Amino acid sequence: MTYPATMRALRQDSLAGPQDMRLITDAPVPAPGRGEVLVRVLAAGVNFADVSKARGTFRDGPRPPYVAGFEAAGEVVAVGEATTGPRPGTCVVGVGDGAFAEYAVLPAAAAMPVPPGWTAVQALGLVVNLPTALAALKPLGRVAAGETVLVHAAAGATGQAAVTLAKHYGAAVIGTAAPAKHETVRALGADHVLDSHAGDLAAEVRRLTDRAGVDLVLESAGGGTFAASLAAVKPVTGRVVVYGLAGGEASLTNWELVYRYPVHVIGLNIGTLIRAAPGVFGEVLGELAALVAAGVVAPAEPVTHDLADGPKVLADLAGRGTVGKLALLP
């Protein structure tokens, strides 16, 4: 298959944030290396990690200038040397550098075929948001039927996935979101929805659970909400899975773990999980495939924007002004 030498792309020029991301029209189309595929991007997923990278707060993140984005869905147009896996013409979704562009390179091993009947846009989230939610709930969070789960940022892409999956596994769900997003979270099946900016979130959670607290917290809010998460979970048996810090960093001391918050605190970074525990990640993908086949996980309908609008979309995401999955169309 043929493809051009240059392309449109969003380039991050500094670590000052998304405002220093700009559209260029002469970026070189990357060549796939050993074990890689080149994809004509049909849709690129927008994630909070993109904001973190643009601000320089993502650990070992790229140094500017760089083509932004890392989640892409599209058609394979070329394969690198000694590459097995998807062949040219296959529609795939995966993660790799430089997804906010017309073409991007993905590791062949991580390029998942788009499920039959799904579009490329609908497949966004299958390799980032859904695996994160599923890993947080099952192998790490050990959710069980009859338990209660607190999901922060429940109107976001990962939060919505977590609410849907937690209900499927028989858990009661308390979601947090801004008031304007409450109906979205309720429609997913959440049993209760709380204002994410409420003054005493932990007290409200304990009121809803007859002062017992929840069994599991999916913590992505960070900042001041982190302490509320620790206070809202059951002592000794309660688990807090931390997979995001949208509201900033928060500290936890060993004294607090012994005397104030005697709970299980578990960190989750999906990239680290893939590298350090590929067997666990394989189990997550196997479970996810079964959920897709059973119709539990249905095709998503992301909110789409033109590639040129990427900086504004990222700014809105950082300001918590968005709902659900977001996508850029090259």
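Which residues in H3 meet which residues in H10? I looked this up before anything else. Leu 130, Pro 131, Leu 134, Ala 135 and Pro 139 in H3 meet Val 280, Phe 281, Val 284, Leu 285, Glu 287, Leu 288 and Leu 291 in H10. Contact here means heavy atoms within 4.5 Å.

**Ground rules.** I am reading a predicted model, where local features need pLDDT of at least 70, side-chain atom pairs count only at pLDDT 80 or more, and totals for chains, interfaces and linings use all residues. Residues are numbered from 1 along each chain as its sequence is written, and side-chain values use heavy atoms, with hydrogens and water left out. Helices (H or I, at least four residues) and strands (E, at least two) are DSSP runs, numbered from the N terminus.

**H3 and H10.** I noted the limits of both helices: H3 covers residues 129-140 and H10 covers residues 278-293. They pack at an angle of about 110 degrees, with axes 10 Å apart. Axes are lines fitted to C-alpha atoms, for helices over the stretch in contact, and angles run from 0 to 180 degrees between N-to-C directions. That makes H3 roughly perpendicular to H10. The cut-offs are under 35 degrees for roughly parallel, over 145 for roughly antiparallel, 65 to 115 for roughly perpendicular, and oblique for the rest. The contact residues divide into 11 nonpolar, no polar and one charged. Ala, Val, Leu, Ile, Met, Phe, Trp, Tyr, Cys and Pro count as nonpolar, Asp, Glu, Lys and Arg as charged, and the others, Gly among them, as polar.

**H6 and H7.** I turned to H6 (residues 201-208) and H7 (residues 225-232). They pack at about 25 degrees, with their axes 8 Å apart. H6 is therefore roughly parallel to H7. Leu 201, Ala 202, Val 205 and Arg 206 in H6 meet Thr 225, Ala 228, Ala 231 and Ala 232 in H7. I count by class: six nonpolar, one polar and one charged.

**The six-strand sheet.** What is the strand order of the open sheet of six strands? I read S11-S10-S9-S12-S13-S14, with parallel pairing. Strands pair if DSSP finds at least two bridges between them. S11 (192-195) and S14 (264-267) stand at the edges with a single partner strand each, so one side of each has no neighbour in the sheet. Neighbouring strands are turned by 20 degrees against each other on average, direction ignored. S9 and S12 (residues 216-219) run parallel, joined by three bridges. Leu 150 has Val 217 in S12 as its bridge partner. H3 packs on this sheet, touching S9, S12, S13 (239-242) and S14, and its direction makes about 150 degrees with that of S12. H7 also packs on the sheet, touching S9, S12, S13 and S14, at about 170 degrees to the direction of S12.

**Thr 148.** I checked this residue in S9 (residues 148-151). Thr 148 is buried, at 17% relative accessible area. Buried means under 20%, exposed over 50%, and partly exposed in between (1.4 Å probe, protein chains only). Its contacts include Ala 172, Ile 174 and Leu 216.

**Loop residues.** I looked at two positive phi values outside glycine. Ala 82 has phi near 55 degrees and lies in the loop between S5 (71-79) and S6 (91-95). Ala 82 is exposed at 53%. Arg 211 has phi of about 70 degrees and sits between H6 and S12. Arg 211 is exposed at 72%.

Methods
Lists of a residue's contacts leave out its neighbours within four places in sequence.
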